[in-house]
Amino acid sequence: MSPDTRREIFLHIVLLSVLCVLLFPLAFALSNSFKTLSDAYTSVGELIPARPTLENYIHVFSRLDIARITLNTLFIAVIAAVFKVATSVLSAYAFTAYEFKGKNILYFVIISTIFIPFNVTMLPNYLTISRMRLADTLLGVALPQLADATGIFLIRQSMKTIPKSIIEAAAMENKSRFGILRDIVIPLIRPAIMSVGIIFFINSWNEYVWPVLMLKSRSNFTLSLALQMYISSEGGTEFTVAMAVSVLTMLVPLGLYLVFQKFIISTFTSSGVK
Amino acid sequence: MKSIVMKDIRKNYGKVEVVKGLDITVDSGEKLILLGPSGCGKSTILRMIAGLEDITSGELYLGGQKVNHLRSGERNVSMVFQNYALFPHMTVEDNITYGLRINKVNEDEISRRKTDVMKTLELSGLEKRKPRELSGGQRQRVALARAVAKQSCFLLLDEPLSNLDVQLREHARKELVRIHEKFGQTMVYVTHDQVEAMTVGDRIALFSEGKVQMLDTPQNVYNCPANVFTAKFIGSPSCNIIGAREKNGFVEVGNQVFSLSAQWAGCLRGKEDLCLGISPEQIELRETPRDNAIKGVVRYCENYGHKTSVFIENGGTELVASTEESRFGPGDVVYMTFPQDKIHFFDKKTGHNVGYPENIARSCENDSLYKRRIA
Amino acid sequence: MKIGRDKRAFLYLAPSLAVFAAFMFWPLVRTFYLSFFSWNMVKPVKKFVGLANYASLLSSSLTYRILGNTTVYIIILLAVNFAAPYILSFVLSCAVKRGKGFYKSAYFMPSVVSLVVGSIVYTWILNPVSGPVALLLKHLGLSIPVWSKTDGIVIVVLSVITSWKIFGYNFIVILGGVSGVSEEVIEAALIDDVPLRRIFIDIVLPMSSATGVYLFVMTIVQGLQYVFTPIKVLTQGGPNYASSNLIYQSYHELFVVYRTGPGCALSILTLALFSLLLFLEFRFFEKKVYYES
């Protein structure tokens, strides 16, 4: 065995250990969601339950209005994703295809908002949403999430990769600028738009801050809030049920990720390079 | 001493074999050119010598030592990359001296070598520049300077001039030869440019599809191509290859015949399916009929200024001839003669050169120039 | 791609500008405004107090405790989510031949999972009595403290939970920068027998510094915000503010004890810190030419 091969094997061991640490919590949640509470205590090390049970899931579906909770989460995530993708595409196009006074400053200002932490906007947004009589509504949770510049940034990055000659060829055929956006730009960067949309959806699905601020009544709870009911720092008493809710919560984002991982990863790979 | 020996070297990517059994010995101090179209495996071979690519099977010896399992850094080779691979954040002098510092060459020696190579390569004064502040030609010279400053026995170059424009390339080519004369490393040089190959190389290894088509001196590769591929690859416009039949000392070309010398007739006796090869610049063109000439009609001319390529049709075959005269035009009737000592015959099926009559063959076998240089 | 020069661009920008105005810029102004008042969110009258909120923040030892905690969070988050992925991505792109795609996509998986899930799962994994880590350590004769009640360790655990989520994301971003370093350049160094460690420090770090600086800043900015979730879910800043950071503390002031003045002042303080980081990043881009293509 050459030293290079030996080194590579060693590095794989390191990389795989990191992988185990990262994936263990997912496996742990999945495994315990199929254990009875007493099994969970007595056979902690057992990743594949010796006596698998569905009782936690049955409990979730009978005691918790999980369908409603899931729909609430879905509603907010869809609104946030669709609206953000639409506005991001339009704005990114304005910043790419048009020349206007103050363009660079405006772009800089908008992109800088990525650096504004949510605690700065938290109180005024809460007050605004209350004044709009949207406190404790799903829409009230979605609205503050819409002011997000990452989409504008990511989609503009991808629009910039379109060769100028393609746009010029279309312009020579007397296409309107909106027509160029609709018929040429959007189809060309569809993968980027799709992955940005999925990223928005997943982020909103996992959102915790705005739901916790805005929502009071249980009928409006999202998955994050439902899960919180099972938590205390010692772990709570319905631990295995909590694991079942956890599994249900991560099912959708993980599924989406596994299907679209190629696009999502390539979108993030390019995000660091400005 | 500083030879490179490859014994049955192979390279597979998965199931695809890109280098198919290579046996080449590069003599100490020799300049070997790996020439071939893109994708023929020539760069892979260079990278295997450099240790940047694993060798699937076979043995590689550098200076007599088997190096298959040595890391790149342990092989004492230096390399000039196609895109130069300069460290963009380092100044010119840091680029040249970085490797030496890492390898703990003493400071006096480093500064001596630096001054020396920078002077030799006309880089003096650019010490503090960053690569992006240099022109393409200067970058190329920095890359060469870095490789030379290492003073390794083996200098590997991967299409080092392909990013330069034509005028610069000519200058850089001469410079490379000069550098080699000064430092005398064993040099392996990858290129797809036949002019570079002919002018720089002591010997040329011409590749196609992972196999050596011909390994010989530039003169021999040009004068006595080992096969159809070689004949067509070398020369511009490329060598005419036409189906031909030998019959009783005559060769049929298209719908006409010309007679062969007695030596050729003897050499070709019993060989049925042949191709005739003749370089465009060896065809003699006349407007009037003459003995043993083949008649054709000019279809099209390309004027290069110093020469003209004349495309001639003859009974369904098209030939191209180069001439210094530009008096031919489309529709003209011309008469071509093929000098007997400039034609080649290839086996139609295998593409191999069938050989030459003895009086011609001698000139191919003895390339005294190469022998003198290597000895 | 540029085809026009006119104000119609604002038609495309209008929807974004509207939401940004309503939910980003106006709130920013309002928080700044409210930081000069004493209020409790319900009283009809706000009392103008000038810089008193800031003065009391700067004179309170609690603020310094929070700043200290925030610093600890930043250090841990940077170590785990900046330094480690940087090195690991170098290892993956330069020294490992197989499995690049696999590691990339597998590492990213936790990044799509909710931090509330992460928090609840980790409380069990790290349960001091019956969690798997405690049992494993027991075999070795060790034990974990009741971390949620222990100063110092509580920050470590909350950072670990947050890191679990952001590690994969950061890994992918920095890998994008590191693999942008041309292979030829690395090979040129390998031929000169430069050890991998030096290749990383002398070549890869400077050549990927644009992505590096971006990630450095984003790790702090995003990391501190992400930590909010496990803090809120698991410790509510306790024990005795030992796990609170700037972001959580301003939430605490605003929505737990309803003191909008100090809450807003803390938020502005956070913003000032982040702006400084942003400023540093832009300075870096201006000054240093970066080498990524």
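**Entry 1. Domains of chain B**

Which domains does the assignment give for chain B? I find domain 1 at 4–228 and domain 2 at 237–370. I note at the outset that the model is predicted.

I then looked up how the two domains of chain B are placed. Taken over C-alpha atoms, the centres of domain 1 and domain 2 of chain B are 37 Å apart. I find 14 residues of domain 1 of chain B in contact with 15 residues of domain 2 of chain B.

**Entry 2. The interface between the domains**

I next turned to the buried area. Domain 1 and domain 2 of chain B bury about 1100 Å² between them, and 56% of this area lies on carbon and sulfur atoms. On the side of domain 1 of chain B, 41% of the area buried against domain 2 comes from B:Tyr222, B:Cys224 and B:Val228, more than from any other three residues.

How many salt bridges does the rule find across the interface of domain 1 and domain 2 of chain B? I record 0 salt bridges there. For polar contact, the rule finds 4 residue pairs across this interface, both residues being at pLDDT 80 or more. Helix α7 (residues 218–223) of chain B gives the largest share of the side of domain 1 that touches domain 2, with 4 residues. By class, I list that side of domain 1 of chain B as 5 nonpolar, 5 polar and 4 charged residues.

**Entry 3. Salt bridges**

I looked up several of them individually.

B:Glu109 and B:Arg113 meet through their side chains in a salt bridge, at 2.8 Å from N to O. Where do these two residues lie relative to each other in helix α3 of chain B? Both belong to helix α3 (residues 107–120) and stand 4 residues apart, so about one helical turn separates them. B:Glu109 is partly exposed at 22% relative accessible area, whereas B:Arg113 counts as buried at 12%.

B:Glu107 forms a salt bridge with B:Arg101, with 3.0 Å between the closest N and O atoms. I find B:Glu107 partly exposed at 44% and B:Arg101 partly exposed at 40%.

For B:Lys247 and B:Glu252, the closest N and O atoms of the salt bridge are 3.7 Å apart. B:Lys247 is partly exposed at 46% relative accessibility, and B:Glu252 is partly exposed at 29%.

Terms used: Residues are numbered from 1 along each chain as its sequence is written. Chains are lettered from A and ligands numbered from 1 in the order in which they are written. This is a predicted model: local features need pLDDT of at least 70, side-chain atom pairs count only at pLDDT 80 or more; totals for chains, interfaces and linings use all residues. Side-chain values use heavy atoms; hydrogens and water are left out. A salt bridge is a side-chain nitrogen of Lys or Arg within 4 Å of a carboxyl oxygen of Asp or Glu. Buried means under 20% relative accessible area, exposed over 50%, partly exposed in between (1.4 Å probe, protein chains only). Domain bounds come from an automatic or database domain assignment. Contact means heavy atoms within 4.5 Å. Buried area is the accessible area (1.4 Å probe) that two parts lose on being put together, summed over both. A polar contact is a pair of N or O atoms within 3.5 Å; within protein, one must be able to donate a hydrogen and the other to accept it, and residues adjacent in sequence count only if both atoms are side-chain atoms. Ala, Val, Leu, Ile, Met, Phe, Trp, Tyr, Cys and Pro count as nonpolar, Asp, Glu, Lys and Arg as charged, and the others, Gly among them, as polar.
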